[in-house]
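Q: I have a new model open and would like to learn how to read it. Could you take me through it feature by feature?

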Amino acid sequence: DGSACELFGERARSLGLTVGEGGMWSNLMTTNREEQAKRIETVRVALRKADAMGCRCVVTLVGSKDPSDHPLAPTPYMYTTECRREFREIVLRILDGLELRTTKYVIEPWHNTFFYQPEDIKEFIDSVGHPRFGLHLDQMNMVDQRRYFNTTSIMFDYTRGPCSRLKQNMTSIFFPGFCASTGRREAGRSTSKERSAPAGRKDSLRFGWSALQISRKLMPVLS
(Lines give C-alpha, C1' and ligand atoms only; values in the text may rest on other atoms or scores of the structure.)
Protein backbone atom coordinates (compact mmCIF):
# COMPACT_ATOMS: atom_id res chain seq x y z
CA ASP A 1 0.00 0.00 0.00
CA GLY A 2 1.01 3.67 0.01
CA SER A 3 2.55 3.53 3.47
CA ALA A 4 4.82 0.64 2.47
CA CYS A 5 5.98 2.63 -0.55
CA GLU A 6 6.72 5.66 1.60
CA LEU A 7 8.75 3.53 4.00
CA PHE A 8 10.67 1.98 1.09
CA GLY A 9 11.50 5.44 -0.26
CA GLU A 10 12.56 6.71 3.15
CA ARG A 11 14.81 3.71 3.65
CA ALA A 12 16.43 4.20 0.24
CA ARG A 13 17.07 7.88 0.94
CA SER A 14 18.55 7.07 4.34
CA LEU A 15 21.11 4.93 2.51
CA GLY A 16 21.91 7.75 0.11
CA LEU A 17 20.03 6.11 -2.77
CA THR A 18 17.50 7.47 -5.25
CA VAL A 19 14.92 5.04 -6.63
CA GLY A 20 15.12 5.62 -10.37
CA GLU A 21 12.35 3.63 -12.00
CA GLY A 22 9.78 0.89 -11.96
CA GLY A 23 8.38 -0.76 -15.07
CA MET A 24 5.22 -2.38 -16.45
CA TRP A 25 6.05 -4.51 -19.47
CA SER A 26 2.72 -5.98 -20.57
CA ASN A 27 1.42 -4.96 -24.00
CA LEU A 28 -0.61 -1.74 -23.76
CA MET A 29 -1.65 -1.98 -27.42
CA THR A 30 -3.42 -5.31 -27.01
CA THR A 31 -6.60 -5.73 -29.07
CA ASN A 32 -8.37 -7.17 -26.01
CA ARG A 33 -10.10 -4.06 -24.62
CA GLU A 34 -10.86 -5.59 -21.24
CA GLU A 35 -7.26 -6.66 -20.78
CA GLN A 36 -6.05 -3.28 -22.00
CA ALA A 37 -8.14 -1.50 -19.36
CA LYS A 38 -6.58 -3.71 -16.66
CA ARG A 39 -3.08 -2.93 -17.87
CA ILE A 40 -3.78 0.79 -17.99
CA GLU A 41 -4.99 0.62 -14.40
CA THR A 42 -1.84 -1.31 -13.44
CA VAL A 43 0.29 1.57 -14.74
CA ARG A 44 -1.86 4.10 -12.87
CA VAL A 45 -1.46 2.18 -9.61
CA ALA A 46 2.29 1.92 -10.18
CA LEU A 47 2.50 5.68 -10.77
CA ARG A 48 0.68 6.46 -7.53
CA LYS A 49 2.87 4.07 -5.54
CA ALA A 50 6.06 5.30 -7.22
CA ASP A 51 5.17 8.89 -6.38
CA ALA A 52 4.60 7.96 -2.75
CA MET A 53 8.03 6.33 -2.79
CA GLY A 54 9.77 9.27 -4.44
CA CYS A 55 10.62 7.13 -7.47
CA ARG A 56 11.64 9.17 -10.53
CA CYS A 57 9.55 7.38 -13.15
CA VAL A 58 7.43 4.45 -14.25
CA VAL A 59 8.37 2.99 -17.62
CA THR A 60 6.43 1.12 -20.29
CA LEU A 61 6.86 0.29 -23.95
CA VAL A 62 4.40 1.45 -26.60
CA GLY A 63 3.53 -2.18 -27.34
CA SER A 64 2.23 -3.92 -30.47
CA LYS A 65 -0.95 -4.85 -32.33
CA ASP A 66 0.49 -8.22 -33.28
CA PRO A 67 -1.85 -11.17 -32.46
CA SER A 68 0.88 -12.69 -30.29
CA ASP A 69 0.26 -9.87 -27.75
CA HIS A 70 4.02 -9.54 -27.34
CA PRO A 71 4.92 -5.86 -26.79
CA LEU A 72 7.99 -6.05 -29.06
CA ALA A 73 6.40 -7.95 -31.95
CA PRO A 74 6.74 -6.09 -35.29
CA THR A 75 3.66 -5.08 -37.27
CA PRO A 76 3.23 -2.27 -39.85
CA TYR A 77 0.45 -0.55 -37.92
CA MET A 78 2.90 0.55 -35.23
CA TYR A 79 4.44 3.15 -37.59
CA THR A 80 1.19 4.76 -38.71
CA THR A 81 -0.48 8.04 -37.82
CA GLU A 82 -3.46 6.05 -36.55
CA CYS A 83 -1.19 4.23 -34.09
CA ARG A 84 0.18 7.51 -32.75
CA ARG A 85 -3.34 8.80 -32.18
CA GLU A 86 -4.43 5.58 -30.48
CA PHE A 87 -1.42 5.46 -28.18
CA ARG A 88 -1.78 9.15 -27.33
CA GLU A 89 -5.24 8.36 -25.96
CA ILE A 90 -3.78 5.50 -23.90
CA VAL A 91 -1.16 7.83 -22.41
CA LEU A 92 -3.81 10.40 -21.52
CA ARG A 93 -5.99 7.70 -19.92
CA ILE A 94 -3.04 6.61 -17.80
CA LEU A 95 -2.30 10.14 -16.59
CA ASP A 96 -5.88 11.34 -16.23
CA GLY A 97 -6.53 12.81 -12.79
CA LEU A 98 -3.21 11.75 -11.25
CA GLU A 99 -1.50 14.38 -9.10
CA LEU A 100 2.14 13.35 -9.34
CA ARG A 101 4.75 15.34 -7.46
CA THR A 102 7.94 13.43 -8.31
CA THR A 103 7.18 10.60 -10.71
CA LYS A 104 6.84 10.83 -14.48
CA TYR A 105 5.30 8.32 -16.85
CA VAL A 106 7.93 7.62 -19.51
CA ILE A 107 8.13 5.46 -22.63
CA GLU A 108 11.14 3.36 -23.53
CA PRO A 109 11.91 3.61 -27.26
CA TRP A 110 11.98 0.51 -29.42
CA HIS A 111 12.40 0.00 -33.14
CA ASN A 112 9.11 -1.86 -33.62
CA THR A 113 7.16 1.40 -33.17
CA PHE A 114 7.13 5.07 -34.17
CA PHE A 115 8.61 5.90 -30.74
CA TYR A 116 12.17 5.25 -31.85
CA GLN A 117 14.09 8.29 -33.14
CA PRO A 118 14.52 11.71 -31.48
CA GLU A 119 12.44 13.71 -33.95
CA ASP A 120 9.46 11.38 -33.79
CA ILE A 121 9.70 11.10 -30.03
CA LYS A 122 9.69 14.86 -29.58
CA GLU A 123 6.70 15.21 -31.89
CA PHE A 124 4.76 12.64 -29.87
CA ILE A 125 5.66 14.15 -26.49
CA ASP A 126 4.51 17.54 -27.78
CA SER A 127 1.24 16.03 -29.02
CA VAL A 128 0.53 14.61 -25.56
CA GLY A 129 1.39 17.90 -23.90
CA HIS A 130 1.40 16.62 -20.33
CA PRO A 131 4.04 17.82 -17.81
CA ARG A 132 4.36 14.35 -16.22
CA PHE A 133 5.02 12.52 -19.49
CA GLY A 134 8.36 11.97 -21.18
CA LEU A 135 11.07 9.76 -22.64
CA HIS A 136 13.01 6.96 -20.98
CA LEU A 137 16.33 7.53 -22.71
CA ASP A 138 17.72 4.09 -23.53
CA GLN A 139 20.37 4.95 -26.09
CA MET A 140 20.93 1.36 -27.22
CA ASN A 141 17.28 1.07 -28.30
CA MET A 142 17.60 4.15 -30.52
CA VAL A 143 20.52 2.97 -32.65
CA ASP A 144 19.60 2.92 -36.35
CA GLN A 145 21.64 2.20 -39.48
CA ARG A 146 22.78 5.82 -39.79
CA ARG A 147 24.35 5.75 -36.33
CA TYR A 148 25.47 2.13 -36.15
CA PHE A 149 29.17 3.04 -36.11
CA ASN A 150 28.69 6.27 -34.18
CA THR A 151 26.16 5.48 -31.48
CA THR A 152 27.21 8.25 -29.11
CA SER A 153 25.98 10.81 -31.65
CA ILE A 154 22.45 10.09 -30.43
CA MET A 155 23.28 11.77 -27.13
CA PHE A 156 24.29 14.95 -28.98
CA ASP A 157 21.70 14.91 -31.74
CA TYR A 158 18.76 14.87 -29.37
CA THR A 159 20.01 17.95 -27.48
CA ARG A 160 20.26 20.17 -30.58
CA GLY A 161 17.81 21.94 -32.83
CA PRO A 162 14.16 20.85 -32.73
CA CYS A 163 14.90 18.06 -30.24
CA SER A 164 16.44 20.30 -27.56
CA ARG A 165 13.34 19.94 -25.35
CA LEU A 166 14.13 16.25 -24.93
CA LYS A 167 17.32 17.23 -23.14
CA GLN A 168 15.37 19.29 -20.62
CA ASN A 169 12.84 16.48 -20.17
CA MET A 170 15.45 13.82 -19.54
CA THR A 171 17.71 15.95 -17.35
CA SER A 172 14.84 16.59 -14.94
CA ILE A 173 14.23 12.87 -14.53
CA PHE A 174 17.54 11.11 -14.60
CA PHE A 175 20.58 13.24 -13.98
CA PRO A 176 19.79 14.57 -10.47
CA GLY A 177 20.82 11.29 -8.82
CA PHE A 178 18.93 8.93 -11.15
CA CYS A 179 19.06 5.48 -9.47
CA ALA A 180 22.03 4.42 -7.39
CA SER A 181 25.62 5.10 -8.36
CA THR A 182 27.04 4.62 -4.87
CA GLY A 183 28.45 1.19 -5.65
CA ARG A 184 27.82 -0.05 -2.10
CA ARG A 185 28.65 -3.73 -1.79
CA GLU A 186 30.34 -5.92 0.77
CA ALA A 187 33.75 -4.50 1.63
CA GLY A 188 36.57 -5.73 -0.58
CA ARG A 189 34.36 -7.47 -3.12
CA SER A 190 34.12 -6.70 -6.81
CA THR A 191 32.48 -8.51 -9.69
CA SER A 192 34.42 -10.41 -12.35
CA LYS A 193 33.22 -7.88 -14.94
CA GLU A 194 34.59 -4.99 -12.86
CA ARG A 195 37.98 -6.68 -12.41
CA SER A 196 38.36 -7.17 -16.16
CA ALA A 197 36.86 -3.82 -17.25
CA PRO A 198 38.86 -0.78 -18.34
CA ALA A 199 39.04 1.90 -15.66
CA GLY A 200 36.61 4.16 -17.50
CA ARG A 201 33.86 1.55 -17.44
CA LYS A 202 33.98 0.57 -13.76
CA ASP A 203 31.73 3.38 -12.55
CA SER A 204 29.01 2.43 -15.03
CA LEU A 205 29.26 -1.21 -13.99
CA ARG A 206 28.85 -0.20 -10.34
CA PHE A 207 25.86 1.91 -11.36
CA GLY A 208 24.29 -1.06 -13.13
CA TRP A 209 24.90 -3.40 -10.19
CA SER A 210 23.30 -0.99 -7.72
CA ALA A 211 20.32 -0.30 -9.99
CA LEU A 212 19.77 -4.04 -10.38
CA GLN A 213 19.61 -4.56 -6.63
CA ILE A 214 17.02 -1.81 -6.27
CA SER A 215 14.95 -3.14 -9.18
CA ARG A 216 14.75 -6.60 -7.62
CA LYS A 217 13.29 -5.14 -4.43
CA LEU A 218 11.19 -2.45 -6.09
CA MET A 219 8.99 -4.50 -8.43
CA PRO A 220 7.01 -6.37 -5.72
CA VAL A 221 6.31 -3.07 -3.99
CA LEU A 222 4.93 -1.34 -7.10
CA SER A 223 2.84 -4.24 -8.35
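Q: What is the order of the strands in the open sheet, and is the pairing parallel or antiparallel?

A: Before we start, a word on the source: this is a predicted model, in which local features need pLDDT of at least 70 and side-chain atom pairs count only at pLDDT 80 or more, while totals for chains, interfaces and linings use all residues. Residues are numbered from 1 along each chain as its sequence is written, and side-chain values use heavy atoms, with hydrogens and water left out. Now the general idea: strands of a sheet pair through backbone hydrogen bonds, either parallel or antiparallel. Here the four strands of the open sheet are ordered β1-β2-β3-β4, with parallel pairing. Each of β1 (21–23) and β4 (133–135) has a single partner strand and stands at an edge, so one side of each is left without a neighbour in the sheet. On average, neighbouring strands of this sheet are turned by 35° against each other, direction ignored.

Q: How many bridges join β1 to β2?

A: Two strands count as paired if DSSP finds at least two bridges between them. Three bridges join β1 to β2, and Gly23 has Val59 as its bridge partner in β2. Moving across the sheet, β2 and β3 pair over four bridges in the parallel sense, with Val58 opposite Tyr105 in β3. Finally, β3 (residues 104–107) pairs with β4 over three bridges, also in the parallel sense, and Val106 has Gly134 as its bridge partner in β4.

Q: Which residues lie on each side of β2, and are they buried or exposed?

A: In a regular strand the side chains alternate between the two faces of the sheet. Buried means under 20% relative accessible area, exposed means over 50%, and partly exposed lies in between (1.4 Å probe, protein chains only). In β2, Cys57 and Val59 are on one side and Val58 and Thr60 on the other, all buried, and both faces are covered. The faces of β3 are both covered too: Lys104 and Val106 on one side, Tyr105 and Ile107 on the other, are all buried. For the whole chain of 223 residues, 43% are buried.

Q: How do α1 and α2 pack?

A: Axes are lines fitted to C-alpha atoms, for helices over the stretch in contact, and angles run from 0 to 180 degrees between N-to-C directions. The axes of α1 (residues 2–14) and α2 are 7 Å apart, at an angle of about 40°. Contact means heavy atoms within 4.5 Å; Gly2, Cys5, Glu6, Phe8, Gly9 and Arg13 in α1 meet Lys49, Ala52 and Met53 in α2. Helix α2 (residues 33–53) also lies across β2 (57–60) and β3, running at about 155° to β2.

Q: Which residues make the contact between α3 and α4?

A: The angle between α3 (residues 81–95) and α4 is about 50°, with axes 10 Å apart. Their contact is made by Arg84, Phe87, Arg88, Val91 and Leu92 of α3 and Asp120, Glu123, Phe124, Ser127 and Val128 of α4.

Q: Which residues of α4 are buried?

A: In α4 (residues 118–128), they are Pro118, Ile121, Phe124, Ile125 and Val128. Seen down the axis of α4, these buried residues fall within an arc of 130° (taken from the directions from the helix axis to the C-beta atoms), so they line one face of the helix. Just after α4, Gly129 takes a positive phi of about 65°.

Q: What is the phi of Asp69, and where is this residue placed?

A: Most residues other than glycine have a negative phi, and most peptide bonds are trans. Asp69 has a positive phi, near 65°, and its place is in the loop between β2 and α3. At 26% relative accessibility, Asp69 counts as partly exposed. Pro67 is found in the loop between β2 and α3 and, at 79% relative accessibility, counts as exposed.

Notes
Helix = DSSP H or I, 4+ residues; strand = E, 2+ residues; numbered from the N terminus.
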